[in-house]
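Here are a few notes to go with your first look at this model. Keep the viewer open as you read.

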Amino acid sequence: MKKILFIMTMTTLICFSCTKQAAEEAVFDYNVEQFADLGVLRYQIPDWDSLSINQKMLVYYLNEAALQGRDILFDQNNRYNLAVRRSLEALYENYQGDKESADYQSFVVYLKRVWFSNGIHHHYGTEKFIPEFSQAFFENEVKKLDASLVPTREGQSVEAFLLEITPVIFDPAKYAKRVNQDSSQDIIFTSANNYYGEDLSQKEVEKFYENMKIPNDSTPVPYGLNSRLVKKDGVLTEETYKIGGLYSSAIEKIVYCLEEAVKYAENTQQKHVINLLIDFYKSGNLKKYDEYSIEWVKDTESTVDFVNGFTESYGDALGLKGSWEAMVNFKDLKATKLSKILGENAQWFENHSPVDKQFKKTEVKGITFKTIVAAILGGDCYPTTPIGINLPNSNWIRKDFGSKSVTISNITNAYDKAAAGNGFLDEFVGRAYEKELMEKFGAQTDNLHTDLHECLGHASGQLLPGVDQEALKVYGSTIEEARADLFGLYYIPDAKMLELGFLTDPDAYKSEYYKYMMNGLMTQLSRIEPGKDIEEAHMRNRALIAYWVLDHGKKDNVVELRKENGKTYVFINDYEKMRTLIGDLLAEIQRIKSTGDFKAAQKLVETYAVKVDPELHKEVKERYDKLHIAPYKGFVNPVYTLVKDKKGNITDVKITCAEGYAEQMMRYSKEYSPLPTYND
Ligand code: ZN
């Protein structure tokens, strides 16, 4: 199941309330740099000094643990990613030629993209990006390097290395797609990630994990989550990520840092949680992982918290394998108060939703909801990061023990600040009425929708007895995201929002409705290459909802997509009717999920969420390009330094936010790079 939420926040402009003083805000530069379709931002750590030295030390070592897994993700994304990265970095450091030349400039952009994507494929679309410098330039420059700097295999010549690596970089057909979701093809064989041996077929993999399942197991472990599946002497075998197994040298470092961190744990429960994670990394035992997840959910008291491990499965077409990710955070106490109110009212929302009674939870359990300040981003959360997290992913743990759901306030704030005044609303919003609403309420309703999505949406509803949680297969993530989004959209206009004090104006929700429709129908197309379909689950879900509402509202003219002065705009003519349609679709999507109706899921997704109108696509891209806004954003991390007194005792942990993008990436590649180049 996919639980992390990515939202384009480029339309939100208003400040988040809980950040640093205005004076500091004014000088803090959120924008670091921009290249290709990517923008790099930086974020602040508000209220750092409200933590005790003990808590700061805990954060410090959890941060270290979060940075040690970076290589794992590179290797998971493709077996050659570390070889590519290391050869590019060697070249970057030792290049003696003309730095103004077109080849060199393109080379730097390519390296920055590889860092950004943790590999050779676009982080979002997962298609391979092709360098704009020549193969001859690359080969010549690599040959000029001292041979010891070239990441060859043992005993391999530089020439042989180049023969092996250049198609990986330059041949568009080789490893074309990291995650191929096109169900008309073998989605395992044609996906370039490194979760499966290159000779495996989808059938073999599905059968392997089907056989592993224990019939009627009410507490199934997440089979396959922490391993690469390969064929050895004709037999399928899992290579488990653990100490002594695959990725051991990185996992050893992570464990060392966790062992340091545990010394500073805030309480016994947190100590227990970290120790369970260490046990899991040592054993690779998924039962241990579930035990860890359960205890992690139970720890709601600690101020400092973290994600560290093989977590989300977006990177695997079958949704089994967990990419390594990490994030360290601490509670944003002011903002958490509001979210807590939402959690306390969870049952009310469940009871009043338009979903059929049999698909509702009679008891919504343990929704913990808080707003956090991210302290570090690592693995699959770096440099692109979610703005909300809802974990764990295991359905039975969620049902029996609940889940933790967070929104990340300092990241959201950085997005908003960096986007202020970029001209986006002027270009794409057709009427002054909506533009004013969005300027006034955009950030507020956007955050609220995220809260509703994460806290209530994913946690709501239940499967009918006997329904397989994987029944919707390749459509599962899109349907799940649509379900959570619809739940939020359904409730944003509700009088309950005013009653609970989340909104102060009964029209504020229109800002979110308009933004959602504009994004789903039009503006998210700016992030898709010409001629391509919509692939990513969150983008599919937004298109699904927006086009379904457009279609079903046609006879009452609820929403229009109409040209004025040669430009297409969204017009919402009846906001109340739109809410009714949202409710209808929520009921249907919940029915599909609860009953495991694969055919209906397939029909909805294929009808509304995949294909792109090429003319509209072209227009949106042209208008968007003129604004020179990078459609994707990532972040550099702050730098944490231990402050010592004359005797060498640690007295504080200091933060600086001035590190540049290439500077940080090169430093990480030196200081946090434990894996061998080749792990097969
Ligand atoms: Zn979600």
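**Notes on a pocket, a serine and a zinc site**

1. The second largest pocket has a lining of 35 residues, and those nearest its centre are Asp37, Arg113, His122, Glu127 and Glu529. Two elements each give two or more residues to this lining, α5 (102–117) and α24 (614–627). The largest share, 4 residues, is from α5. By class, the lining holds 15 nonpolar, 6 polar and 14 charged residues.

2. A word on where this comes from: the model is predicted, local features need pLDDT of at least 70, side-chain atom pairs count only at pLDDT 80 or more, and totals for chains, interfaces and linings use all residues. Residues are numbered from 1 along each chain as its sequence is written, and side-chain values use heavy atoms, with hydrogens and water left out.

3. Now find serine 526, in the loop between α20 (509–521) and α21 (537–552). Its relative accessibility is 5%, so serine 526 counts as buried (under 20% relative accessible area, 1.4 Å probe, protein chains only). A polar atom of the serine 526 side chain lies 2.8 Å from the backbone oxygen of threonine 523. Beyond neighbours within four places in sequence, serine 526 is in contact (heavy atoms within 4.5 Å) with Val620, Lys621, Tyr624 and Pro631.

4. Which residues coordinate the zinc ion? They are His453 (NE2), His458 (NE2) and Glu481 (OE), at 2.1 Å; donors are N, O and S atoms within 2.8 Å of the metal (3.2 Å for Na, K and Ca), and water is not among the atoms, so sites may look incomplete. The donor spacing in sequence is H-x4-H-x22-E. Histidine 453 is buried at 0% relative accessibility, and histidine 458 is buried at 4%.

Key: Buried < 20%, exposed > 50% of the residue type's maximum accessible area, 1.4 Å probe, protein only. Polar contact = N/O pair within 3.5 Å; in protein donor to acceptor, adjacent residues only side chain to side chain. 1 Å grid on protein atoms, 1.4 Å probe; cavity = no way out; pocket = protein on both sides within 12 Å on 5 of 7 lines; lining within 4 Å. Nonpolar A, V, L, I, M, F, W, Y, C, P; charged D, E, K, R; others polar.
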